[in-house]
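Subject: Structure handover and findings

Dear colleague,

Please find below the structure for your review. The findings follow directly after it.

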Amino acid sequence: MNEQPNNPLHGITLEALLTELVEKYGWDELARRVNINCFKNDPSIKSSLKFLRRTPWARTQVEELYIRLKNSPWNR
């Protein structure tokens, strides 16, 4: 198994990442921060995971938001 000590997403599943973002921001704020329909129209973790796994640009935006959240001094 490759070690990735400098990868901030190493060991974090997409489901855990998305769940934490939803708990922190809620669906409405998440949809405002990442403008994708699966966060706006009848959102759920399951449907969002399906979309994010098939849509690399959207997954990248969500991962970048998560990294910004984790690096924020207000998140400590």
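In what follows, an axis is a line fitted to C-alpha atoms, for helices over the stretch in contact, and angles run from 0 to 180 degrees between N-to-C directions. Please note that this is a predicted model.

**Helix H3 against helix H4**

With that definition, the axes of helix H3 (residues 45–54) and helix H4 (residues 56–71) come within 5 Å, and they cross at roughly 115°. Angles of 65 to 115 degrees count as roughly perpendicular, and H3 and H4 are therefore roughly perpendicular to each other. On the H3 side, the contact is made by Phe51, Leu52, Arg53 and Arg54; on the H4 side, Pro56, Trp57, Ala58, Arg59 and Val62 take part. Sorted by class, this contact of H3 with H4 has six nonpolar and three charged residues, and no polar ones.

**The chain as a whole**

The secondary structure comes to four helices and zero strands, so that the elements, read from the N terminus on, run α-α-α-α. For a chain of 76 residues, a compact globule would have a radius of gyration near 11 Å; the value for this chain is 13 Å, which agrees. Taken along the principal axes, the C-alpha atoms fill a box of roughly 35 × 30 × 20 Å.

Buried residues account for 33% of the 76 residues. The accessible surface comes to about 5,500 Å², and 47% of it belongs to carbon and sulfur atoms. Of the contacts between residues at least 6 apart in sequence, 49% join residues at least 24 apart.

**Two individual residues**

Asp42 lies in the loop between helix H2 (37–40) and H3. Asp42 has a positive phi of about 50°, although it is not a glycine. Is this residue, Asp42, buried or exposed? The cut-off for exposed is over 50% relative accessible area; Asp42 has 71% and is therefore exposed.

Glu63, by contrast, is found in helix H4. Buried means under 20% relative accessible area, and Glu63, at 19% relative accessibility, therefore counts as buried. Which residues is Glu63 in contact with, leaving aside its neighbours within four places in sequence? They are Leu9 and Leu17.

Yours sincerely

Methods:
Residues numbered from 1 in each chain as written. Predicted model: local features only at pLDDT ≥ 70, side-chain atom pairs only at ≥ 80, totals over all residues. Heavy atoms only, no water. Helix = DSSP H or I, 4+ residues; strand = E, 2+ residues; numbered from the N terminus. Parallel < 35°, antiparallel > 145°, perpendicular 65-115°, else oblique. Contact = heavy atoms within 4.5 Å. Nonpolar A, V, L, I, M, F, W, Y, C, P; charged D, E, K, R; others polar. Rg over C-alpha atoms; globule rule 2.2 N^0.38 Å. Buried < 20%, exposed > 50% of the residue type's maximum accessible area, 1.4 Å probe, protein only. Areas by Shrake-Rupley, 256 points an atom, 1.4 Å probe, with all protein chains shown as cover.
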